Amino acid sequence: MSDKLFSPAQLGPLTLRNRIIMAPMTRSRSLGNVPGPLVAEYYGQRASAGLIIAEGTAPAANGLGYARIPGLFNEEQAAGWKLVADAVHARDGRIFVQFMHTGRIGHDLNLPAGAEVVAPSAVAAAGQMWTDQQQMQPHPTPRALTTAEVKDLVQEFAKAAKLAVEAGLDGVELHAANGYLLEQFLNPHSNQRTDEYGGSAENRARFVLEVADAVVAAIGAGRTGLRLSPWGTFNDMGTYEGVNEFYEYLATELQRRNLVYLHLINPETPDAPAAVAETVPRLRRAFTNTLILSGDYNATRAEAELQSGRADLIGFGRPFISNPDLVERMKAGAELTQGDQATFYAPGPEGLHQGYTDYPALAEAQVS
Ligand SMILES: Cc1cc2nc3c(=O)[nH]c(=O)nc-3n(C[C@H](O)[C@H](O)[C@H](O)COP(=O)(O)O)c2cc1C
């Protein structure tokens, strides 16, 4: 059992030592939006993953909508990311960083001075979000980006991608899932623009594809992946007519650009509409480079997906929070430690490391 999961895979220029991917997870430990030595230690502890996709990281100041998330658009942030890349590479691991521009899922209180909450259209998301100063606050109404600003932002993604590779990271994942800026352009509820970036399916896809083009031009298609969450409703996205056709179009266009991988959040949940069953097979046919599937996997289910050919690599999120040696544990069939949700996005009373770098590896746990 579990032969394929632990077998090596080629991802563009990189050889991955197994098919276990650490899914991107915001952990909010980057004070001043700069990842420090503690963040490097955390990712270093998890370097036995075939590939780490580091947490959502803003490619521009307006994208820093959550408290304590990292950025990657200035020298200080790039130096922090170099610590992270070095810690993972010292253990022979591989690491991409995820570019997450939060768009309308942000708050003025979380943003640095001079930054603002922007989005495709001035449509607020329903719900609330955390701020360190005033706890939960309603999502604000964002300011709609002008057409010129949208074009500038495409270039900011490319600049940030260059910085990422210069810092030693192995590549970049573009976060076009879970209701953040890129998906805000894709979805007609959040994108009500009347310029070339809104309206038709082609127009709603345009920003994402222009960002993909610019990042590919900056760092190469072999270092550029992209994440999608078709049918996702997180962050007030909501579904609409023609979801499968739209995502199939996107996948086809991403394949034309030869992106190294497409990372899908598996939409097949128990309460999903019937058409959802067609989504992964359709996207798999349209996108023929590496496909990653994430969402509620364990070793058995992951192996079944690999054996059936539905995916090439499998992303694990929460299990990696509380099991730094998840790969070794799954290989040994050992029990997994459960994570403490209270410290997923916030440090514990003992400090930033609590619930972050203090989960022991199996060998350490047995000794203590
Ligand atoms: C604490 C936490 C933070 C997350 N942050 C991100 C993120 O920054 N970017 C992203 O694409 N997904 C994020 N996710 C979603 C995960 O990547 C993954 O899709 C999800 O946890 C489901 O996989 P799992 O069942 O293996 O945990 C986050 C999930 C958790 C639990």
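Mentor: Gladly. Helices (H or I, at least four residues) and strands (E, at least two) are DSSP runs, numbered from the N terminus. Axes are lines fitted to C-alpha atoms, for helices over the stretch in contact, and angles run from 0 to 180 degrees between N-to-C directions. This is a predicted model, where local features need pLDDT of at least 70, side-chain atom pairs count only at pLDDT 80 or more, and totals for chains, interfaces and linings use all residues. Residues are numbered from 1 along each chain as its sequence is written, and side-chain values use heavy atoms, leaving out hydrogens and water.

Trainee: Why are helix 5 and helix 6 called roughly parallel?

Mentor: The axes of helix 5 (residues 201–219) and helix 6 (residues 243–256) cross at roughly 30 degrees and come within 11 Å. Angles under 35 degrees count as roughly parallel, over 145 as roughly antiparallel, 65 to 115 as roughly perpendicular and the rest as oblique. Helix 5 and helix 6 are therefore roughly parallel.

Trainee: How do you know which residues of helix 5 and helix 6 meet?

Mentor: Contact means heavy atoms within 4.5 Å. Ala201, Glu202, Arg204, Ala205, Leu209 and Ala212 of helix 5 meet Phe246, Tyr249, Leu250, Glu253 and Leu254 of helix 6. By class, this contact has 8 nonpolar, no polar and 3 charged residues. Here Ala, Val, Leu, Ile, Met, Phe, Trp, Tyr, Cys and Pro count as nonpolar, Asp, Glu, Lys and Arg as charged, and the others, Gly among them, as polar.

Trainee: What makes the crossing of helix 6 and helix 7 right-handed or left-handed?

Mentor: A crossing is left-handed if the near helix is turned anticlockwise from the far one by less than a right angle, and right-handed if clockwise. The crossing of helix 6 and helix 7 is right-handed. Helix 7 (residues 279–286) packs against helix 6 at about 25 degrees, with the axes 8 Å apart, and these two helices are therefore roughly parallel. Residues meeting there include Tyr247 and Ala251 in helix 6, and Arg282 and Leu283 in helix 7. That contact divides into 4 nonpolar, 4 polar and 3 charged residues.
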